[in-house]
Amino acid sequence: MKIDAREIKSFFYSQYFSDGIRMTFGILFPSLLLMQFNRFDMGITMSLGALCICTIDSPGPLYHKRNGMAIGNLCMFVVAIITGFARLNVFTLGVEITLLSFFFSMFIVYGNRASSIGTCALLIMIFMMDKEAKPNEVLPLSLIVLAGGIWYLLFSLLFFGIRPYRAAQQTLGESIADIAKFIRIKAGFYLSDTDIEENYRKLVSQQIKVSQHQDAVREILFKSRVMVKESTNPSRVLVLTFIDLVDMYEQIMATHYDYGYIRDKFGATGVLKQIADLLNQMGDELDNIAYMVLSNTRNKYRPDFQTDLEKLKLRIDEIGASEQGASNFALRKILVNLRDLNERIRSIYGYYSSKSSEALLDKTPDYEYSKFVTRQDYAAHIFSDNLSFNSGTFKHALRVSLVCLIGFVTAKFIALGHHSYWVLLTIIVILKPGFSLSKQRNYQRLVGTIIGGIAGIIILIYIPNKDVQFGLLLVLMIGTYSFLRLNYVVSVLFMTPYVLILFKFLGVGLVVQERIIDTIIGSTIAFIASYLIFPSWEFEQIQHNLADVINANACYLNKIAESVSGREVSAMEYKLARKDVYVKSANLSAAFERMTSEPKSKQRKVKDVHKFVVLNHILSSYIATIASSVSSRAIHRSAADNLKLIRKSLAVLNDVNKKLGGNPAETSSSKSLNTEIVQNATSSDDLLLKEQLGFINKISYDIARVTDSIVS
């Protein structure tokens with residue numbers, strides 16, 4: 001019960017709820033204000049502009065929001081004028097819908113924020129379709145819509161300007177909570193009653209969330225001038241926390257071994273249960289840190305797992321007295337990783353309890369943060385280069401264009417309601433580049449609309465008091481925009497009764513049946529179209545993801561080759577290679593999840609791809625295990641046999657990359673590597689390293705065999 005209360009509190013401190021409050025106020029305020037001056041109709045039109053622009057108000061650096069919403073306002077104004085005149089003739093309106101749907105759907109080639117600008121433009125096109133405006137009223141009406149969009153832009157900038165660090169705190173807190181869940185899933189591998197294959201599925205799914213949130217934090221922290229260039233204590237605390245968090249994630253990834261073998265070898269000793277318990281406790285402590293960051297509070301209590309770690313060390317030493325060989329070194333390595341996790345947790349607590357700004361500033365690493373974020377290229381040739389059937393974006397835009405035309409014709413000549421633009425609205429919201437995403441959004445939209453419609457009927461029939469209805473309207477609006485990114489089906493569930501109550505206030509009457517019918521029509525059209533019109537199946541492009549992740553792992557392994565041969569490799573190089581592996585692995589995992597939700601007839605070699613995903617995770621974990629120890633020293637010389645094992649693995653991985661149609665990773669030539677290395681593996685570190693590299697070599701060959709099956 002206590003955990004549930006914490007989760008509820010965390011939600012109210014989260015970025016999702018903050019978004020809900022901001023969007024609700026930004027949309028409602030023009031209507032409420034102008035209603036006081038008997039210009040409610042103008043207020044509604046302004047709110048319409050604010051509603052469209054708020055789709056661009058997604059997490060990210062403030063200047064990205066500003067530029068995106070400014071461009072969105074320009075597009076919205078132009079589209080409003082075009083639609084205002086085009087709607088005077090059904091044929092010109094049909095042409096406009098077809099052309100603009102294609103043009104703005106192509107914006108996805110410029111990234112998510114550009115895609116949201118396209119969505120904003122298409123929304124105002126749909127809303128303006130049924131606006132009864134004479135030719136001389138089109139420009140004034142469009143200016144009022146623009147005024148609403150500009151109002152929301154200014155309000156949003158003011159909202160974030162008052163508390164410039166709040167969005168970063170919220171995103172960071174949510175990222176920490178994701179890693180807490182990841183570490184608890186990881187703990188399951190050490191418990192004998194956990195199914196290893198099923199746990200890998202959970203781990204891969206959670207890895208996607210971790211990567212997405214870490215990318216969001218990087219965007220906000222490393223692309224914001226106030227975070228990386230201003231010497232303020234709050235900004236440095238956030239940057240230092242995130243740096244430790246990413247290093248901690250590597251340590252969690254590094255606590256990886258052959259779990260089946262370890263269970264057989266040490267399951268009866270009880271040591272694995274101790275490891276799992278420690279990991280779960282550390283996960284709980286990370287949840288405490290996440291709550292502390294989200295709520296912007298300070299905790300005087302500093303956790304210390306030193307006693308438990310000492311008990312674990314004694315148990316491992318006891319096992320070592322009877323179990324000679326490299327296997328006991330593996331347990332020692334796990335202990336080292338757990339100690340590092342403990343130190344990271346203590347460090348983060350230290351940042352939030354330290355009163356010395358100077359100490360934090362001195363500790364901040366001198367990294368070129370810009371290297372950790374992806375720069376979006378907005379060159380015009382990117383748009384034109386994608387005007388080909390070889391481009392998935394082009395096929396998606398063409399599909400949206402044709403389906404919107406079909407939806408428009410259906411809405412005009414078949415749908416019976418007076419708000420049949422909902423058919424088009426449903427299509428725009430549901431259609432996504434991939435079939436699985438469209439299918440998921442389709443289901444969520446239908447379920448949310450039907451359940452929300454029933455809830456709306458109950459509210460309007462049994463709660464006639466308008467003041468209470470308005471209060472419920474506010475709550476439902478906040479719920480709609482709070483869950484928009486978090487849980488779409490819940491968002492639609494809130495949205496449907498809020499729209500019904502709003503129409504009741506506008507004097508339209510009860511339109512539940514109409515909304516549900518139009519939603520079903522739009523969903524049906526979108527579903528059939530996503531299956532028949534230029535469908536996009538994951539198996540057609542998943543080899544690209546497979547090649548990318550192999551390339552990233554090969555580059556990461558090559559950094560280790562350089563280190564063990566005596567070359568100095570900077571921490572920056574390791575961190576960049578590590579980041580690339582995690583991002584590409586998350587992309588592959590997401591593609592595989594989408595693939596498994598597609599029709600069985602459209603899935604290709606799904607079992608082999610699943611094996612590849614699991615093997616890739618094991619490979620990445622083992623490389624991270626070695627990198628975490630090797631990178632701690634600028635120069636690390638190891639046995640010649642170890643370097644040979646790395647070279648063999650690199651050769652196999654590059655061969656796999658070629659088979660998948662990718663570009664082999666650049667590896668250091670034998671001549672460029674320092675040959676003054678130890679000839680015999682004698683130390684315990686070298687023995688453990690040799691065992692780990694041998695396992696990497698085995699995994700590389702396993703990946704090669706699975707790849708042969710995939711490409712055959």
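Is D247 buried or exposed, and what is its relative accessible area? D247 is buried, at 8%; buried means under 20% relative accessible area, exposed over 50%, and partly exposed in between (1.4 Å probe, protein chains only).

1. **Ground rules.** This is a predicted model, in which local features need pLDDT of at least 70 and side-chain atom pairs count only at pLDDT 80 or more, while totals for chains, interfaces and linings use all residues. Residues are numbered from 1 along each chain as its sequence is written, and side-chain values use heavy atoms, with hydrogens and water left out.

2. **Confidence.** The mean pLDDT of the protein is 83. The term stands for the predictor's confidence in each residue, from 0 to 100. A value of 70 or more is reached by 87% of the residues. Residues 670-681 have pLDDT below 50. That stretch still has 25 contacts in the model beyond near neighbours in sequence. Contact means heavy atoms within 4.5 Å.

3. **Salt bridges overall.** The whole structure holds 23 salt bridges. Each is a side-chain nitrogen of Lys or Arg within 4 Å of a carboxyl oxygen of Asp or Glu. Side chains of opposite charge can pair when their charged atoms come close. One network of salt bridges links D19, R22, D57, K65 and R485.

4. **D247 and its partner.** D247 forms a salt bridge with R344, with the closest N and O atoms 3.6 Å apart. The pair joins distant parts of the chain, 97 residues apart: R344 lies in helix α15 (residues 326-351) and D247 in helix α11 (residues 233-254). Helices (H or I, at least four residues) and strands (E, at least two) are DSSP runs, numbered from the N terminus. R344 is partly exposed, at 24% relative accessibility.

5. **E538 and R594.** Here the closest N and O atoms of the salt bridge are 2.8 Å apart. The two residues are 56 apart and link distant parts of the chain. E538 sits in the loop between α23 (512-532) and α24 (542-564), and R594 in helix α25 (residues 571-596). E538 is buried, with a relative accessible area of 2%. R594 is partly exposed at 25%.

6. **A pair within one helix.** D317 and K313 form a salt bridge at 2.9 Å, N to O. Both are in helix α14 (residues 306-322); they are about one helical turn apart because 4 residues separate them. D317 is partly exposed at 26% relative accessibility, and K313 is partly exposed at 30%.

7. **R445, without a salt bridge.** R445 is in helix α20 (residues 435-462). R445 is buried and has no salt bridge. The nearest side chain of opposite charge, D518, is 10 Å away. Lys and Arg count as positive and Asp and Glu as negative; His and the chain ends are not counted. Beyond four places in sequence, the contacts of R445 include Y488, M495 and R515.

8. **Helix α5.** The 16 residues of α5 (residues 90-105) should span 22 Å, and the end C-alpha atoms are 22 Å apart, which agrees. The expected span is 1.5 Å times one less than the number of residues. Among its buried residues are L93, I97, L100 and F104. The cover over the buried residues includes α4 (62-86), α6 (112-129), α18 (392-413) and α19 (421-430). At the start of α5, a side-chain oxygen of N89 comes within 2.8 Å of the backbone nitrogen of F91.

9. **S709.** This residue is in helix α28 (residues 684-711). S709 is partly exposed, at 26% relative accessibility. S709 and K605 are 104 residues apart in sequence, yet 8.0 Å apart in space, C-alpha to C-alpha. Leaving aside neighbours within four places in sequence, S709 contacts K605 and D608.

Definitions and conventions
A polar contact is a pair of N or O atoms within 3.5 Å; within protein, one must be able to donate a hydrogen and the other to accept it, and residues adjacent in sequence count only if both atoms are side-chain atoms.
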